[in-house]
Amino acid sequence: MTTEVLTKELTAGTWAIDPVHSSIQFSVRHMMVSKVRGNFTSFSGVIVVEADGTATVSAEIAIDSITTGNEQRDGHVKSKDFFDAAKYPAAQFHSTRVTMRGDSYAVDGDLTLKGVTKPVRLDLVFGGVNPGAEQGPVAGFEAFVELNRKEFGIDLELPMPTGGVVVGDKVAVTLDIEAVKQG
């Protein structure tokens with residue numbers, strides 16, 4: 001796993017995602033004219049920074065924790081029609097490379113969703129490090145990726161009689177992450 005130095009501020013060690021101060025949100029086109037938004041409420045992950053400043057990222061999202069603000073829709077999205085959360089309870093991400101791109105970073109890695117693993121690139125902005133409170137130093141990150149749901153086997157077609165589809169193919173995912181240095 002090749003990784004450039006992320007930053008001198010992010011010192012060597014393991015930085016665990018703090019789910020209380022982090023969020024994973026998504027949006028997808030609905031009825032061709034608007035967007036449905038939602039989030040995942042259960043996830044975990046770590047950023048491991050080596051002594052030379054290189055880093056790797058791994059994370060897991062509980063698919064059953066999806067919420068869109070509508071219980072009926074949430075049940076449908078968790079069903080076999082979409083995520084099949086009973087059979088595929090988690091999505092996983094493991095970085096393969098982190099590179100600088102001007103003032104931001106690209107985090108390349110493998111995303112496994114609904115049993116399908118594909119390479120993805122997250123665009124990442126590093127928010128800095130704060131000494132934190134009682135738990136120790138905290139670091140902030142914001143990442144964005146656009147996924148094609150069909151590439152991950154979420155390929156239900158719901159055509160509308162007037163043309164178009166009920167659910168768009170592209171899903172925008174935004175991650176606001178606060179990580180706490182361990183030990």
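1. Lys78 has a relative accessibility of 24%, so this residue counts as partly exposed. The model is predicted. Asp64 shows a relative accessible area of 52% and is therefore exposed.

2. These two side chains meet. Lys78 and Asp64 form a salt bridge, at 3.5 Å from N to O. Lys78 sits in helix α1 (residues 71-78), while Asp64 sits in the loop between β6 (55-62) and β7 (66-67), so the pair ties together parts 14 residues apart in sequence.

3. How many salt bridges does the count give? It comes to three. Side chains of opposite charge can pair when their charged atoms come close.

4. Arg101 and Asp123 form another salt bridge, with the closest N and O atoms 2.9 Å apart. Arg101 belongs to strand β8 (residues 90-101) and Asp123 to strand β10 (residues 116-130), so this pair ties together parts that are 22 residues apart in sequence. Arg101 is partly exposed at a relative accessible area of 38%. Asp123 is partly exposed too, at 32%.

5. Strand β10 also holds Arg121. The Arg121 side chain meets that of Asp108 in a salt bridge, 2.8 Å from N to O. Asp108 lies in strand β9 (residues 104-113), so the pair with Arg121 ties together parts that are 13 residues apart in sequence.

6. Is Asp108 buried or exposed? Asp108 is buried, with a relative accessible area of 16%.

7. Now the rings. The structure holds three aromatic pairs. One of them joins Phe26 and Phe40: the ring centres are 5.8 Å apart and the planes stand at 45 degrees, so the pair is tilted. Phe26 lies in strand β3 (residues 23-30) and Phe40 in strand β4 (residues 34-40), so the pair ties together parts that are 14 residues apart in sequence. Both residues are buried.

8. Phe40 also pairs with Phe83. This aromatic pair is edge-to-face, with 6.3 Å centre to centre and 80 degrees between the planes. Phe40 is in strand β4, whereas Phe83 is in the loop between α1 and β8, so this pair ties together parts that are 43 residues apart in sequence. At 11% relative accessibility, Phe40 counts as buried. Phe83 counts as buried as well, at 14%.

9. Which residues do the ring pairs link into a cluster? They are Phe26, Phe40 and Phe83.

Definitions and conventions:
Residues numbered from 1 in each chain as written. Predicted model: local features only at pLDDT ≥ 70, side-chain atom pairs only at ≥ 80, totals over all residues. Heavy atoms only, no water. Salt bridge = Lys/Arg side-chain N within 4 Å of Asp/Glu carboxyl O. Helix = DSSP H or I, 4+ residues; strand = E, 2+ residues; numbered from the N terminus. Buried < 20%, exposed > 50% of the residue type's maximum accessible area, 1.4 Å probe, protein only. Phe/Tyr/Trp six-rings, centres within 6.5 Å; stacked < 30°, edge-to-face > 60°.
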